[in-house]
Amino acid sequence: MIQITDTAAKKIRSLMAKQGIDEGGLRVGVKGGGCSGLSYTFAWEKVARLGDQVFEGVDGAKIFVDKKSLLFLNGTVLDYDTSLLSKGFVFNNPNAK
């Protein structure tokens, strides 16, 4: 399971509106890469893909996660940092080392 904070959910809905996307959500995943290990990926999707897990936050904000990525993201809390120095989505992932 992935939890979406209220702040992250509101930002997802806001960014979707700016993109002109009424339905759908944010695809979140992980990919292997270089010496730093895994990195997070983001993409806007109008519908979930076959086999995706769909997680929903407030205001109907949704994230779509494929089965492979869920192995690494299970238990994660998706938040949005609003500080002046580092605005952006933040993964509080208990599986990350």
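Guide: Let us begin with a helix. The model is predicted, and in it Phe72 is found in helix α2, which covers residues 67–73.

Visitor: Is Phe72 buried, exposed or partly exposed?

Guide: The class follows from relative accessible area: buried is under 20%, exposed is over 50%, and partly exposed lies in between. Phe72 has a relative accessibility of 36%, so it counts as partly exposed.

Visitor: Which residues make a nonpolar surface patch with Phe72?

Guide: Leu38 and Leu71 make the patch together with Phe72, and its area is about 310 Å².

Visitor: Where is Trp44 placed, and with which residues is Trp44 in contact beyond its neighbours within four places in sequence?

Guide: Trp44 belongs to strand β3, residues 37–45. Its contacts, those neighbours left aside, are Ile12, Leu15, Met16, Gln19, Ile21, Gly25 and Leu26. With a relative accessible area of 28%, Trp44 is partly exposed. Between Trp44 and Thr5 the C-alpha to C-alpha distance is 18 Å, at a separation of 39 residues in sequence.

Visitor: What is the order of the strands in the open sheet of three strands?

Guide: The order is β1-β6-β7, and the pairing is mixed. β1 (3–4) and β7 (88–92) are the edge strands; each has a single partner strand, so one side of each lacks a neighbour in the sheet. Helix α1, residues 6–19, packs on this sheet and touches β1, β6 and β7. The direction of α1 makes about 70° with that of β6.

Visitor: In which sense do β1 and β6 pair?

Guide: They pair in the parallel sense over two bridges, β6 being residues 77–81. Opposite Val77 in β6 stands Gln3.

Note on methods: Residues are numbered from 1 along each chain as its sequence is written. This is a predicted model: local features need pLDDT of at least 70, side-chain atom pairs count only at pLDDT 80 or more; totals for chains, interfaces and linings use all residues. Side-chain values use heavy atoms; hydrogens and water are left out. Two strands pair if DSSP finds at least two bridges between them. Helices (H or I, at least four residues) and strands (E, at least two) are DSSP runs, numbered from the N terminus. Contact means heavy atoms within 4.5 Å. Axes are lines fitted to C-alpha atoms, for helices over the stretch in contact, and angles run from 0 to 180 degrees between N-to-C directions. Buried means under 20% relative accessible area, exposed over 50%, partly exposed in between (1.4 Å probe, protein chains only). Patches are made of residues with over 30% relative accessible area and no salt bridge: like charges are joined within 9 Å, nonpolar side chains (Val, Leu, Ile, Met, Phe, Trp, Tyr) within 5 Å. Accessible areas come from the Shrake-Rupley method with a 1.4 Å probe; for residues, only the protein chains shown count as cover. A salt bridge is a side-chain nitrogen of Lys or Arg within 4 Å of a carboxyl oxygen of Asp or Glu.
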